[in-house]
Amino acid sequence: MTSNNQSSSSNGPVLQNPLSNAPSTVEWMQHLELGYAEPPRPPTICFGCGKQSSETIKLSRCGKCSVAAYCSRDCQVQDWKTGNHKLACPSYRRALTIRSPYCEDVHATIRNELFARARFYACPYAVFRTTDLGRGFLFLQSDQTLQNMSLYTCKDITGRTITRSVLIHFLTLGEFDSEVCKEDFELALVRTKLKELVDGYDKEKEVVLLFKFRCGHMSLGKAMLVPDYKICKKLGQDYYAENPTGALQLNLDEM
Ligand SMILES: [Zn+2]
Ligand SMILES: [Zn+2]
């Protein structure tokens, strides 16, 4: 991770989240922006008490991040004092710099933060599915934008509470072609590199990942498995026996 001296933008230097110093667990090989990003909307509710803005309730923004909005000084002080906004403020400021595809290093930092939290859950599952189905990869889909995933709190930039989760599915290339690409043909844009990775990874040491966010940000990479392949296999079998649907739902806000 080398984001200390990179990336100045019109919003100033990119500020770090506490998780930014976590070791990177994934080597990313390809990125793609499908450009589904929605235009930013101004907040209409107080980040402190949740009151809706109106004729009589005017919101003013946090001077540091220019995102969080408050109906009163009390709400702002309270939100800062309880630690909510103190932690989240830098991540809101960073979220404003996410203007795909021109901020690849910010995207990389966010992906690394996410995977620093998720690695132990995915690997045993991947190992088991690989043993069961043959070579393949983990397809991770998030119902959230990269911007929402980047926040160090579960309130989006409008102040709305969000739930962030990732749906994880182990797929073979055959399943990718016949099932996934048929519904989402743009995924075929990464197929060449995906095939190269699926054909080449060391199944006792690595797992191939394809991550897609709702905003259209896609990343293809390879993660190191936790060291003991046999333990992973056993955990995967235990998990899968209780969850035969073949997909795994991780709720990041509960981790
Ligand atoms: Zn308020
Ligand atoms: Zn702020």
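This is a predicted model: local features need pLDDT of at least 70, side-chain atom pairs count only at pLDDT 80 or more; totals for chains, interfaces and linings use all residues.
Residues are numbered from 1 along each chain as its sequence is written, chains are lettered from A and ligands numbered from 1 in the order in which they are written, and side-chain values use heavy atoms, leaving out hydrogens and water.

**View 1. Four cysteines hold the zinc ion (ligand 1).** The SG atoms of Cys-46, Cys-49, Cys-71 and Cys-75 coordinate the zinc ion at 2.3 Å (donors are N, O and S atoms within 2.8 Å of the metal, or 3.2 Å for Na, K and Ca; water is not among the atoms, so sites may look incomplete). The site is tetrahedral, with angles of 106 to 115° among its four donor atoms (four donors count as tetrahedral if all angles lie between 85 and 135 degrees). Along the sequence, the donor residues follow the spacing C-x2-C-x21-C-x3-C. Cys-49 sits in the loop between strand 3 (26-33) and strand 4 (60-61) and Cys-75 in helix 1 (residues 73-81), so this pair ties together parts that are 26 residues apart in sequence (helices, H or I of at least four residues, and strands, E of at least two, are DSSP runs numbered from the N terminus). Cys-49 is partly exposed, at 40% relative accessible area, whereas Cys-75 is buried, at 13% (buried means under 20%, exposed over 50%, partly exposed in between, with a 1.4 Å probe and protein chains only).

**View 2. Strand 6 (residues 137-142) is largely enclosed by the rest of the structure.** Five of its six residues are buried. Strand 6 runs antiparallel to strand 7 (residues 165-171), joined by six bridges, and Ser-142 has Val-166 as its bridge partner there. With strand 8 (residues 206-212), strand 6 pairs in the parallel sense over four bridges (pairing takes at least two DSSP bridges); here Leu-138 partners Leu-209.

Notes
Four donors count as tetrahedral if all angles lie between 85 and 135 degrees; four count as square planar and six as octahedral if opposite donors are over 155 degrees apart and all others between 65 and 115; anything else is irregular.
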